[in-house]
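Let's go through some of the labels used for this fold and ask what backs each one up.

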Amino acid sequence: MAQKKLFPVTVVGSWTRPAWLVSALRQRQAGEITAAEFDAFADDAVLAAIKYQEDAGVDIIADGEMRRDNFYSFVVDKLNGMRLMKLSQLMDYVKDRAGFEEILRALDVPAFAIKSPIAVEKVSERDGLCTDEARFLKEHTHRATKIPIPGPYLLTRSSWFEGLSDKAYPTREELARDVVKILRREIMRLKDLGVDFIQLDEPSLSQVVYGDEAEQTFMCAALGSRSDPTHELEFAVRLMNETVDGIDGVHFGVHVCRGNWSRKENVLLQGNYGPLLPWLMRMNVHQLVLEMATPRAGEIEVFKEYRNEKELGLGVSNPRTDEIEKPEAIVKRVKEVLRYFDPDKIYLNPDCGFGTFAERCVNSSPAAYHKLQAISEAAEMLRKECG
Amino acid sequence: MAEEKTLNGLRPEKIKAITDSMRDDPEVLKGVSGPWKSRVVWQGGFRAKAYMRKHVVEMDEPEGLDATDAAASAHEQLLSAMGSCLTVGFVLNATKRGVRIHDLEVALEGNFANILKWAGHSPDGNPGYSAVKAKLFVRADADEKTLRELWRFAVEGSPVTQTIARPTEIITEFEKI
């Protein structure tokens with residue numbers, strides 16, 4: 001993507017949902033209003049999210065994921081063969097229930113709050129996954145646009161659950177083949193619509209390296225079977241590269257964070273990106289969109305061996321805090337990163353979205369706006385110094 | 001014929017009629033008050049089966065106690081009984097007030113005060129739970145104040161919770177066959 005400016009400011013995707021939108025979402029899920037009626041509410045919410053971002057000086061705008069229940073489960077409305085299931089419903093199929101119970105206790109969340117799209121039949125497309133989002137976004141902003149989509153590893157791992165998926169897909173590798181095909185077709189449609197930046201969300205990769213050794217677990221998602229971490233990471237790299245293979249003319253990023261469902265930092269995963277970078281660097285994407293504002297993300301020196309190998313979507317604002325980061329502090333942080341990345345390799349963004357889960361948004365819209373404004377001010381200061 | 005309205009999987013008018021009859025009809029009150037019964041039959045090892053009306057519940061102990069862990073233990077089921085009773089109380093009161101519940105979970109936990117007494121290594125102390133923590137997670141169409149009040153009603157009106165919370169006379173008998 002041709003960005004004329006240095007240090008383009010962008011978002012990771014989701015925006016805080018207004019209470020009326022959450023209420024409408026519940027009504028739609030309960031079948032009390034139609035999808036079209038819900039979309040009318042969501043249109044207003046997207047317009048507000050665009051306005052907030054534009055006013056805050058964001059260069060690459062997202063629609064706030066306002067139409068989504070969460071960053072990946074929305075696919076159940078767009079695909080045949082998928083059923084949205086709560087963890088409380090999956091408990092009957094979980095092998096290690098006691099292990100799940102321990103995680104629920106540690107996270108202090110109810111099982112009904114974690115929802116996953118589960119492949120219960122052969123998966124096929126009904127509508128485009130995010131083409132409605134992209135079309136509306138493109139119609140309502142003149143700025144560059146970003147559409148986040150679930151990554152192929154996340155979607156495969158969260159959707160394949162033993163006891164539920166194995167009739168349609170005896171192995172998750174077989175499901176992965178369909179997931180990759182669906183994502184490729186979606187990417188082509190988004191590209192044709194003129195979307196500038198497609199971000200593939202793969203937060204469950206951090207569970208592979210920082211989480212416990214449980215075969216099934218959940219973090220941002222209820223996660224089905226996994227094997228050893230090396231096998232999982234190889235699998236993730238292969239799926240990513242199959243998904244983006246040969247597609248040019250659109251900017252690709254991969255987003256990996258350590259969880260964004262709670263403001264309690266101690267219940268989220270922690271660890272530096274070191275163990276993940278060898279695999280992330282092998283993914284054929286332009287940019288790594290990473291959280292770096294939270295201390296849980298560890299030290300920046302892990303990039304020393306990978307200088308300028310990829311662009312960095314640098315997380316410089318913690319979406320889960322009340323405190324608005326000072327532009328000067330952001331500038332200082334970016335200067336540390338400039339030891340390993342040239343100025344034209346760095347984009348600035350918050351660590352993650354502000355409303356990854358519609359019903360568990362981690363900040364208010366005004367706070368999100370002020371955080372983005374601080375990032376934009378920092379970007380201006382950096383452009384003056386480095387331009 | 002008009003279709004009977006339901007809320008939370010219950011019929012609010014029927015629920016009101018039942019609770020009103022408990023208040024107004026001594027025979028109904030007597031029937032609901034008890035006696036409630038359970039018969040527990042040893043199955044070998046630490047396993048047992050509890051027979052209650054037409055229902056059977058199995059119990060065992062964890063493998064750490066050299067048991068087969070074929071079912072939840074009695075002390076876990078006590079927590080579950082309390083959680084279920086709180087759930088019923090919350091749903092009852094919510095339904096009576098027309099509050100629609102979407103999701104509800106109660107997470108319970110407790111630690112034994114002195115389990116050595118159970119193990120035969122301590123003559124004194126309380127082998128039971130020193131405290132029981134119960135946390136409600138609820139998603140419902142009502143404001144927080146209303147839901148907190150419903151939770152208070154559920155806790156204060158829960159027969160199982162209040163049996164645990166209050167000193168209860170335990171009458172034991174014994175017969176050698």
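Q: How do you know which residue of strand 8 of chain A is the bridge partner of Leu200(A)?
A: The partner is Val254(A). This is a predicted model, where local features need pLDDT of at least 70, side-chain atom pairs count only at pLDDT 80 or more, and totals for chains, interfaces and linings use all residues. Residues are numbered from 1 along each chain as its sequence is written, and chains are lettered from A and ligands numbered from 1 in the order in which they are written.

Q: What makes strand 5 and strand 8 of chain A a pair?
A: Pairing takes at least two bridges found by DSSP. Strand 5 (residues 197-201) and strand 8 (residues 251-256) of chain A have five, in the parallel sense, so they meet the rule. Strands here are DSSP E runs of at least two residues, and helices are H or I runs of at least four, both numbered from the N terminus.

Q: Why do strand 1 and strand 11 of chain A stand at the edges?
A: The open sheet of chain A runs 1-4-5-8-9-10-11. Strand 1 (60-61) and strand 11 (346-350) of chain A each have a single partner strand, so one side of each has no neighbour in the sheet.

Q: Why is helix 6 of chain A called oblique to helix 7 of chain A?
A: Their axes, lines fitted to C-alpha atoms over the stretch in contact, with angles from 0 to 180 degrees between N-to-C directions, cross at roughly 135°. Under 35 degrees is roughly parallel, over 145 roughly antiparallel, 65 to 115 roughly perpendicular, and the rest oblique. That makes helix 6 of chain A oblique to helix 7 of chain A.
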